Structures are given as structure tokens and as C-alpha cells.
Amino acid sequence: MTVLRNLPSQLILAHAPWLLGGGLIVCIVACAAAGLALIAQGEIVGLATVLAGAGVPLGIFALAIKRDQVIFDASAGTATVQRRTLLRYCSATYPLATVRRAEVEEFSDTARATLTFNDTTAAYPLVEAYVSGNGPRQAADAINDWLRSYRRESA
């Protein structure tokens, strides 16, 4: 996740797979153009090229490309996790008073940041996928730093 805004009143982190999404869009446009060119030349196989060549990447794009966003809002006293795909949107909002901290959940050589709570609520992953690299640790550190600052100012 990338920090988009880090102010005392608000922390926003986001994750969007731009490279994969862009690659799928290029594939969709290229296959659709090739299929339409074949159809224009009177080739019926162009229809299959459009349907399969552009349809499969479009289906993958619609189902797999997710934009995740986490908003910590001091004025509202909430932490909101939003997930959006082409076909659905879901959101979970928690009071900041119940958020204990962010932790890193590891699986093999990959990890993801999660929110842990003061009550019995299960840890909530900020992104569904595990990723390699330092991104999850940096996201958890940014969240924990912001939460410490928020708690000092609200005390």
C-alpha cells in the first residue's frame, strides 16, 4: 500500500495494481482491434477473436483487479477499509477507539498488513493478496505512527 495522504487529521493508504490492469487493457484493445479488422475483411473467425481474445482478459480484469483504500479519519473517529472492483464495492468502518494497531501477517516469502482490534474482532487484512517486498511493513509502520500521534493529540 502507498501512503496518499498523511496529515494529523487523516491518513489514507491505497493499493491498485496499475501494471497488471494496464497490461490487461492493452490486451483487450489489441484483441478487439484484431478481431474487428478480421470481421471487416469478412472473416467469421474475427468474432471468436473478439469474444475470446478480449472477453477473457475483460473477465479477469472485472474479477481480479481490486483497488483497496484505507482511510483513518481523526475528525470522524473512524477507520474505513474500501475494496472496489469493476463489479462490486465493499466497505468496512471501525471506530478508531477499537483499533489497537497494524500488524504484518506473513505467509512464506510474502506478507500483508492487517488491523488488529482491542475487542474480539478478528484481524482485518488491508489487502486480500499477500505481496513480497517491504510494502506491508511500511504500511503498518505508517498506520502505527499515525495512530500513536492521534492518541497523543486526543488524550
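What is the volume of the largest pocket? About 200 Å³. The legends below start there and then move to other close-up views. The model is predicted.

**View 1. The largest pocket and its lining.**
The largest pocket has a volume of about 200 Å³. It is lined by 13 residues. Closest to the centre of this pocket are Ala 16, Trp 18, Phe 61, Ile 65 and Arg 67. Helix α1 gives the most to the lining, with four residues. Sorted by class, the lining has seven nonpolar, three polar and three charged residues.

**View 2. The second largest pocket.**
This pocket holds about 160 Å³ of space. Its lining draws on several stretches of the sequence. His 15, Pro 17 and Leu 20 are among the lining residues. Ala 64, Ile 65, Lys 66 and Asp 68 are also among them. Val 127, Glu 128, Ala 129 and Val 131 line the second largest pocket too. By class, the lining divides into seven nonpolar, one polar and three charged residues.

Side chains of opposite charge can pair when their charged atoms come close. Lys 66 forms a salt bridge with Glu 128. The closest N and O atoms of the pair are 2.6 Å apart. Why does this pair tie together parts that are 62 residues apart in sequence? The two partners sit in separate loops: Lys 66 lies between α2 (45-64) and β3 (67-73), and Glu 128 lies between β8 (124-125) and α3 (135-154), so the pair joins parts 62 residues apart. Glu 128 has 36% relative accessibility, so it counts as partly exposed.

Arg 83 forms a salt bridge with Asp 68. Their closest N and O atoms are 3.2 Å apart. This pair links distant parts of the chain. Arg 83 is in strand β4 (residues 78-84). Asp 68 is in strand β3, and the partners are 15 residues apart. Are these two residues buried or exposed? Both Arg 83 and Asp 68 are buried.

The side chains of Arg 148 and Asp 145 meet in a salt bridge. The N to O distance is 2.4 Å. Both residues lie in helix α3. They are three residues apart, about one turn of the helix. Arg 148 has a relative accessible area of 45%, so it is partly exposed. Asp 145 is partly exposed as well, with a relative accessible area of 44%.
Elsewhere, salt bridges that share partners join Lys 66, Asp 68, Arg 83 and Glu 128 into one network. How many salt bridges are there in the count? The count comes to six.

Which residues make the nonpolar surface patch? Leu 36, Ile 39, Ile 44, Leu 47 and Leu 51 make it. The patch covers about 520 Å². Helices α1 (18-40) and α2 each supply at least two of its residues. Ile 39 belongs to α1. Its relative accessibility is 38%, so Ile 39 counts as partly exposed.

**View 3. Ser 108, a residue with positive phi.**
Where is Ser 108 found? Ser 108 is in the loop between β6 (99-107) and β7 (110-117). Its phi is near 60°. That is a positive value in a residue other than glycine. Ser 108 has 66% relative accessibility, so it counts as exposed.

**View 4. Two pairs of residues set apart in the sequence.**
Gly 22 is in helix α1. At 32% relative accessibility, Gly 22 counts as partly exposed.
The second pair is Ala 139 and Thr 2, which are 137 residues apart along the chain. Their C-alpha atoms are separated by 7.0 Å. Ala 139 is in helix α3. At 2% relative accessibility, Ala 139 counts as buried.

Methods. Residues are numbered from 1 along each chain as its sequence is written. This is a predicted model: local features need pLDDT of at least 70, side-chain atom pairs count only at pLDDT 80 or more; totals for chains, interfaces and linings use all residues. Side-chain values use heavy atoms; hydrogens and water are left out. A salt bridge is a side-chain nitrogen of Lys or Arg within 4 Å of a carboxyl oxygen of Asp or Glu. Buried means under 20% relative accessible area, exposed over 50%, partly exposed in between (1.4 Å probe, protein chains only). Patches are made of residues with over 30% relative accessible area and no salt bridge: like charges are joined within 9 Å, nonpolar side chains (Val, Leu, Ile, Met, Phe, Trp, Tyr) within 5 Å. Accessible areas come from the Shrake-Rupley method with a 1.4 Å probe; for residues, only the protein chains shown count as cover. On a 1 Å grid over the protein atoms alone, a cavity is a set of points where a 1.4 Å probe fits but cannot get out, and a pocket is an open set with protein on both sides within 12 Å along at least five of seven lines; lining residues have an atom within 4 Å of a point. Grid points are joined across faces, edges and corners, and a volume is the space filled by probe spheres set on the points. Ala, Val, Leu, Ile, Met, Phe, Trp, Tyr, Cys and Pro count as nonpolar, Asp, Glu, Lys and Arg as charged, and the others, Gly among them, as polar.
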